[in-house]
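Hi,

Here is the structure I promised to send over. Have a look first, and my notes follow below.

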Amino acid sequence: PGVPRHTNRLIKEKSPYLLQHAHNPVDWYPWGQEAFDKAKTENKLIFLSVGYSTCHWCHVMEEESFKSKEIGDIMNEHFVCIKVDREERPDVDKVYMTFVQATSGGGGWPMSVWLTPDLKPFAGGTYFPPEDGVHRVGFRTVLLRIAEQWKENKDALLESSQRILVALQHTSEIRVQGQESPPPAKEVMDTCFQQLSRSYDEDYGGFSKSPKFPTPVNLNFLFTYWALHQTAPEGARALQMALHTLKMMAHGGIHDHIGQGFHRYSTDQHWHIPHFEKMLYDQGQLAAVYSRAFQISGDEFFADVVRDILLYVSRDLSDQAGGFYSAEDADSYPTTTSGEKREGAFCVWAAEELRALLPDPVEGATEGTTLADVFMHHYGVEEAGNVDPMKDPHQELKGKNVLIARSSLELTAARFGLGRGQLSALLQECRQRLSSARAQRPRPHLDTKMLAAWNGLMISGFAQAGAALAEQEYVSRAAEAAAFLRTHLYDPNSGRLLRSCYRGKDNSVEQSAVPIQGFLEDYVFVIQALFDLYEASLEQGWLEWALHLQHMQDKLFWDPKGFAYFSTEAGDPSLLLRLKDDQDGAEPTPNSVTVTNLLRAACYSGHMEWVEKAGRILAAFSERLQKIPITLPEMARATAVFHHTLKQVVICGDPQGEDTKEMLRCVRSVFSPNKVLLVADGDSTGFLYHQLPFLASLERKEGKATAYICSNFTCSLPVTSVQELRGMLSP
């Protein structure tokens with residue numbers, strides 16, 4: 001395109017999202033003191049725009065409004081304009097999203113908020129079209145109206161912003177209400193199960209009609225509910241709901257059948273037409289949840305989905321230094337000569353394209369059958385395209401097909417007179433051809449920012465898959481990523497995590513001039529990852545680091561008055577609220593995950609005050625857990641783990657010995673939501689023996705690897721047979 005006509009301050013930033021806006025005619029500032037000082041000195045309002053680099057509607061608003069010279073001039077004249085990447089600064093995003101949701105009843109990105117010079121919000125929304133329409137006020141009109149109000153009614157605006165802030169402080173407070181004890185687990189679990197059961201879609205799985213999100217938190221809850229009610233009809237139903245949902249998602253268009261991995265969510269009830277961006281946090285959580293489905297069912301179908309996800313992440317979201325990138329965009333150029341990007345262009349197919357790529361006759365099938373006939377039947381391809389126009393408001397997918405497995409292998413094989421094995425091989429050959437053809441298309445934008453929290457979720461995905469599928473290469477990949485975190489997203493001098501780092505020139509790893517400190521979610525997801533990695537690899541160094549980070553998390557985020565953890569540290573004057581998230585969404589809320597982390601930490605260290613802390617978190621969220629646990633399924637699950645007390649499964653033996661390995665395979669192959677695994681290798685100078693003196697009293701029987709099941713450091717009789725151990729592992 002030649003030399004850009006405009007360049008603003010964002011050109012100095014590292015975030016891919018901020019860099020996307022560095023050539024807008026808007027005089028953007030990053031979030032920081034320079035922008036705040038300008039607003040105060042010039043007595044100007046602030047316009048805050050928050051988004052992320054793979055957000056479809058963020059691109060639309062940029063194209064329509066932020067690239068417009070005319071709208072840019074209005075913004076620059078009347079406002080100090082600030083751009084924030086919500087993935088880099090979830091703290092800023094959450095404060096103002098709380099305001100937008102409270103005042104408009106909805107939320108989402110791009111988020112557009114107007115603030116007074118002292119950062120208090122008074123007006124906001126999400127996407128605005130540039131000009132007035134029948135149902136919506138245009139962005140230009142909103143800008144001019146707000147500028148006019150500031151000129152005419154400044155005092156009223158300031159007063160209203162103060163009132164709003166006080167109300168937000170009041171409504172967003174989560175604290176212990178007199179009652180000091182955690183809610184009863186049975187009641188919380190049963191209520192959550194009933195609420196999920198009522199919202200469950202019997203036909204297609206999932207927990208809403210549309211849009212449909214993967215929500216791994218719901219599926220993990222159902223697996224735990226099943227484990228605790230295995231012989232009851234409710235347990236059977238919980239398991240059926242989870243496994244059916246996972247099967248339907250894997251067959252659906254939300255699953256990329258050619259390029260692997262999962263898209264963000266489905267716009268319809270059938271998991272068919274997705275929003276096409278792919279997020280790291282979805283891949284990490286889904287790899288873990290499909291691994292559990294395999295542990296429970298023994299069905300190789302689920303193991304294959306795990307391998308598919310991890311292949312995608314290893315190939316497309318991995319930095320050569322070992323970290324994981326954040327996301328791939330939904331929009332891309334349909335061809336190398338296209339002038340504008342379209343959503344899904346990289347992933348969709350026209351019928352004639354498939355006929356041209358798959359013309360070969362199929363041996364043994366009915367006369368005249370080609371590979372294309374078989375493939376198109378199996379994946380629901382239609383000549384005129386298989387996308388419902390109602391799900392394609394911009395006509396970007398007209399005449400195109402989103403692949404969805406419409407038929408089982410058995411039915412497709414029967415239809416064409418083929419054997420199941422032969423059909424499987426044919427479909428594999430077709431997918432490989434399409435993959436090669438797709439590689440010629442322009443790729444979507446890749447967000448190469450690397451976040452501690454999301455890397456934590458992905459490390460858990462690789463570690464849990466490695467343990468459940470007995471695949472050492474996955475455990476090694478998890479360890480490589482953990483070592484990356486230790487090198488690039490941890491400050492050994494302060495002992496603290498950093499939020500983000502970036503792929504720089506020549507594939508180096510870069511850090512911002514002023515690094516962003518880690519938030520609660522960074523600590524929680526990394527600690528969880530390190531525990532998962534210890535159980536998969538038995539490297540005690542990961543355990544040691546996890547316990548150090550848990551102490552640091554307590555110091556930085558714990559609320560000693562109201563209990564539970566704040567999302568952010570104290571002491572940042574630019575943050576008007578210190579919040580505690582109260583909803584498990586696309587990612588579980590950190591307080592939900594930290595309950596289980598604290599219980600695991602106590603088992604590995606003997607620090608029983610961590611068990612107390614876990615109980616206090618549950619007490620702080622008690623009312624919500626008893627009334628609407630469906631909003632906190634991960635915390636509801638943790639309530640059961642808290643009340644059932646974690647079992648310490650201790651294997652005494654040489655980690656390299658075949659007998660020890662056999663016992664470890666047994667422990668890892670069983671889904672048990674309330675166990676932690678430790679190996680006592682006899683090295684009394686090691687970290688674990690130092691933390692847990694009781695390990696020294698446990699010994700091998702008859703020189704064989706021996707298992708003990710311990711609860712609160714009191715142990716069962718020793719077991720040397722794998723069959724007996726398996727029986728003892730059930731919850």
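The structure holds five cavities of 30 Å³ or more. A cavity here is a set of points, on a 1 Å grid over the protein atoms alone, where a 1.4 Å probe fits but cannot get out; points are joined across faces, edges and corners, and a volume is the space filled by probe spheres set on them. Bear in mind that this is a predicted model, where local features need pLDDT of at least 70 and side-chain atom pairs pLDDT 80 or more, while totals for chains, interfaces and linings use all residues. Residues are numbered from 1 along each chain as its sequence is written, and side-chain values use heavy atoms, with hydrogens and water left out.

The largest cavity has about 740 Å³ of space. It is lined by 38 residues, and Arg292, Gln464, Asp532, Arg600 and Phe671 are the closest to its centre (lining means an atom within 4 Å of a point). Among the elements that each supply at least two lining residues are helix 11 (280–297), helix 17 (452–468) and helix 19 (520–537); helices are DSSP runs of H or I, at least four residues, numbered from the N terminus.

Now for one of those residues. Gln464 is found in helix 17. Why does Gln464 count as buried? Because its relative accessible area is 17%, and buried means under 20% (1.4 Å probe, protein chains only). Leaving aside neighbours within four places in sequence, Gln464 is in contact (heavy atoms within 4.5 Å) with Ala288, Ser291, Arg292 and Asp532.

Cheers

Terms used. 1 Å grid on protein atoms, 1.4 Å probe; cavity = no way out; pocket = protein on both sides within 12 Å on 5 of 7 lines; lining within 4 Å. Buried < 20%, exposed > 50% of the residue type's maximum accessible area, 1.4 Å probe, protein only.
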